Amino acid sequence: MKDIFDFESIKKLLSGSSGKPFKLLLNAMHGVTGPYVKRIFVEELGAGDDCCVNTTPLEDFGGHHPDPNLTYAADLVKAMAQGNHQLGAAFDGDGDRNMILGVKAFFVTPSDSLAVLAANLECIPYFKKTGVRGYARSMPTAAAVDRVAKETGKEFFEVPTGWKYFGNLMDAGRLSLCGEESFGTGSDHIREKDGVWAVLAWLSVLAHTGLGVEQLLKQHWARFGRNFFTRYDYEGCESDPCNKMMAELEAKAIEPSFVGTPLTAASSGKVYTVAKGDNFEYTDPIDNSVAKGQGIRVLFSDGSRVIYRLSGTGSAGATVRLYIDSYESDSSKHSLDAEEMLGPLVEIALQLSRLEHFTGRSKPTVIT
């Protein structure tokens with residue numbers, strides 16, 4: 001990490017020598033990052049001993065689910081909501097995923113985290129040495145980083161879910177930064193996602209820009225627009241109805257006449273016009289392998305997207321994942337409530353798929 005980041009710059013930020021006190025709160029969730037967090041952030045960077053919690057690795061993770069999201073890291077969210085810390089982060093059991101929070105638990109979506117880092121890689125010495133080769137995201141991840149790649153003239157890849165697709169691009173020297181909506185962020189310093197690296201990257205950007213987490217996000221949205229994003233999981237559903245739903249969706253999506261269709265959210269009257277529909281297919285540019293049937297996509301003319309994926313057909317039933325990616329270019333709307341902004345597109349997604357009919361669920365079991 002010392003070869004990648006400017007530890008002195010981060011140390012100066014954390015010490016408050018810039019004139020503003022800066023407090024960290026890192027939750028290792030009793031996973032493997034605990035000893036690393038203490039060594040790097042306390043011993044090397046000089047943060048207070050109270051900057052990290054749950055740092056003892058436990059086989060049962062202290063009886064909790066070691067998943068760094070708003071649901072399972074609720075204790076971090078509650079602590080950050082008090083407003084005493086400038087940056088909070090949580091890590092999962094094996095340390096490869098991360099969640100970033102700002103003052104008063106300001107939540108940074110994984111999609112935004114990836115895009116903000118992409119737009120600020122010049123803040124990190126490693127990338128000054130290696131150069132920025134390209135960006136990538138998993139297909140269901142919100143398309144925020146796409147616009148960064150376009151504006152900066154960097155190569156961009158949209159890959160299926162699964163880190164191996166990023167690995168091929170890294171090995172070929174075509175990828176510097178990548179991420180997925182399930183809280184994974186990584187760079188080509190290793191061939192994996194890395195939660196501790198992600199926090200150090202964020203601190204590097206904050207130290208370089210002098211901005212807080214929320215300020216940085218708002219500045220980013222003003223420049224690139226905002227992707228409001230959520231994922232709904234419908235778990236334990238019967239497989240046959242779900243397979244039928246996906247087959248009907250695919251037939252609808254690939255029908256040529258579907259392009260140009262206006263879809264209206266009845267509750268608000270907002271209209272989305274279909275720009276493209278498909279079942280996502282990816283040809284690996286490195287080994288030419290083809291991955292088919294990766295999820296039904298409906299792309300709209302304003303940059304918004306709806307994605308449906310089906311997984312699991314075992315005794316526990318199938319899981320339908322619905323991804324809602326609503327793009328907003330109007331800066332006057334960037335600070336509006338995410339649930340409110342996503343509402344019309346969620347309505348469209350449910351109408352289009354008849355998802356509640358096929359799953360027998362009036363609401364998802366998990367929302368992330």
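**Note on the cores and helix α10**

1. The largest nonpolar core has 55 residues. Leu24, Phe41, Leu87, Trp202 and Leu203 have the most contacts inside this core. Helix α8, residues 195–209, gives the most to it: 10 residues. Keep in mind that this is a predicted model.

2. Look next at Leu87. Setting aside neighbours within four places in sequence, leucine 87 is in contact with residues that include Phe22, Leu24, Met80, Ile100 and Leu101. Its contacts also include Val199, Trp202, Leu203 and Leu206.

3. There is a second, separate core, with 31 residues. Among them are Tyr232, Met245, Ile296 and Ile348. In soluble globular proteins, nonpolar side chains tend to be buried together.

4. Now check helix α10, residues 239–254. At 1.5 Å a residue, its 16 residues should span 22 Å. The end C-alpha atoms of α10 are 23 Å apart, which agrees.

5. Which residues of α10 are buried? They are Ser239, Cys242, Met245, Met246, Leu249 and Ala253. These residues cover an arc of only 125° around the axis, so they sit on the same side of α10. An α-helix has 3.6 residues a turn, so residues three or four places apart point the same way. The face of α10 turned away from the buried side carries exposed Asp240 and Lys244.

6. One record entry is worth noting. An unreviewed UniProt entry annotates residues 16–101 and 112–224 as "domain: Alpha-D-phosphohexomutase alpha/beta/alpha". In the model, residues 112–224 are 51% helix and 16% strand. The end C-alpha atoms of that span lie 11 Å apart.

Notes
Residues numbered from 1 in each chain as written. Predicted model: local features only at pLDDT ≥ 70, side-chain atom pairs only at ≥ 80, totals over all residues. Heavy atoms only, no water. Helix = DSSP H or I, 4+ residues; strand = E, 2+ residues; numbered from the N terminus. Expected span 1.5 Å × (residues − 1). Buried < 20%, exposed > 50% of the residue type's maximum accessible area, 1.4 Å probe, protein only. Arc of directions from axis to C-beta. UniProt positions renumbered as here; feature names shortened; annotations may be inferred. Core = buried A, V, L, I, M, F, W, Y, C linked by side-chain atoms within 4.5 Å. Contact = heavy atoms within 4.5 Å.
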